[in-house]
Amino acid sequence: MSVDLAIIGGSGLYQFEGMRELERHVLDTPYGKASGAIVIGELDGHRLAFLARHGESHTIPPHRVNYRANLHALHAIGARRVIGVNAVGGIRSDMGPRALVVPDQIIDYTHGRYSSFCDVEGAKVEHVDFSFPYTASLRAALLNAGEASGIALVDGGCYAATQGPRLETNAEVARLRRDGCDLIGMTGMPEAVLARELGCEYACLAMVANWAAGCGDQVEISIDEIFAILRECTAQVPTLIRALLSR
Ligand code: HPA
């Protein structure tokens, strides 16, 4: 069993439009249950796996996602290249609502999440190199696919992984900016490091849904608006992935 590419869909992306469904796998892993069924389908002659990170009806909040089970299950069905699609808030001036970003760095502010496969009695301790948290070749494949399909992607940026599920305060975002963060999401970690521990290639496609707190001219962030903008962003994902697979 193998797949050419796996997609982990975030907020606003619960199924992969245009993929012809072939199989569904509901896997129980040593770490518990994945967020839902892994759907394997055919897209332009390629085998694609899709998993909705928050569940197909968006019932699992970021801090309760079983990231280990998700990655373990994807690995078990043969996925070795994984793209995480993540909704984010933008900090940097070129990362406003609707921007699509392929970040190249991470700062992890999450806490209390199981963030390693070593975190189990008797497991061998491994220290993975995480200097470059995303796989360069998969990032490049995404960026090339953007060029080929005429979808503008911002190349690079530092992803702040926050705990959620609440959004941040203005002061927290000001600190994240001082830390060098460019965009903020709640699900980028520990997904990226777990992929690394399993030896999977991993890249992030971040969809900017809103200006982060204190960054735009809004007084309040509208959740309805976030989801409306995410619908516009996610509509571009199939075109982008088709272009990636065709190259
Ligand atoms: N902060 C954190 N995560 C997010 C945001 C945000 O502003 N928008 C969408 N996901």
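Which pocket is the space taken by the ligand? In this predicted model, the ligand takes the space of the largest pocket.

**Around the ligand**

Let's start with the shell. The residues around the ligand are Ala87, Val88, Gly89, Leu167, Glu168, Ile184, Gly185, Met186 and Asn210. S7 gives the most, with three residues.

| Residue | Protein atom | Distance to a ligand nitrogen atom |
|---|---|---|
| Ala87 | backbone N or O | 3.4 Å |
| Glu168 | side-chain N or O | 2.8 Å |
| Ile184 | backbone N or O | 3.4 Å |

How much of the ligand does the protein bury? Taken alone, the ligand exposes 260 Å², and the protein buries 94% of that.

**From Glu168 to Thr162**

Glu168 has a further partner within the protein: its side chain makes a polar contact with the side chain of Thr162, at 2.9 Å. Thr162 lies in the loop between strand S11 (158-161) and helix H3 (170-179). Because its relative accessible area is 9%, under the 20% cut-off, Thr162 counts as buried.

Pro165 is found in the loop between S11 and H3 too. The peptide bond that joins Gly164 to Pro165 is cis, with omega about -5 degrees.

**Backbone features to check**

Most peptide bonds are trans, and most residues other than glycine have a negative phi.

A cis peptide bond also runs from Met189 to Pro190, with omega near 10 degrees. Pro190 sits in the loop between S12 and H4. Helix H4 (residues 191-197) holds Ala192, and this alanine is buried because its relative accessibility is 1%.

Asp44 lies in the loop between strand S5 (38-43) and strand S6 (46-52), and at 45% relative accessibility it counts as partly exposed.

Arg98 is not a glycine either, and has a positive phi of about 90 degrees. Its place is the loop between S7 and strand S8 (100-102). With a relative accessible area of 43%, Arg98 is partly exposed.

Conventions
Residues numbered from 1 in each chain as written. Predicted model: local features only at pLDDT ≥ 70, side-chain atom pairs only at ≥ 80, totals over all residues. Heavy atoms only, no water. Near = heavy atom within 4 Å. Polar contact = N/O pair within 3.5 Å; in protein donor to acceptor, adjacent residues only side chain to side chain. Areas by Shrake-Rupley, 256 points an atom, 1.4 Å probe, with all protein chains shown as cover. 1 Å grid on protein atoms, 1.4 Å probe; cavity = no way out; pocket = protein on both sides within 12 Å on 5 of 7 lines; lining within 4 Å. Sits in = over half its atoms within 2 Å of the grid points. Helix = DSSP H or I, 4+ residues; strand = E, 2+ residues; numbered from the N terminus. Buried < 20%, exposed > 50% of the residue type's maximum accessible area, 1.4 Å probe, protein only.
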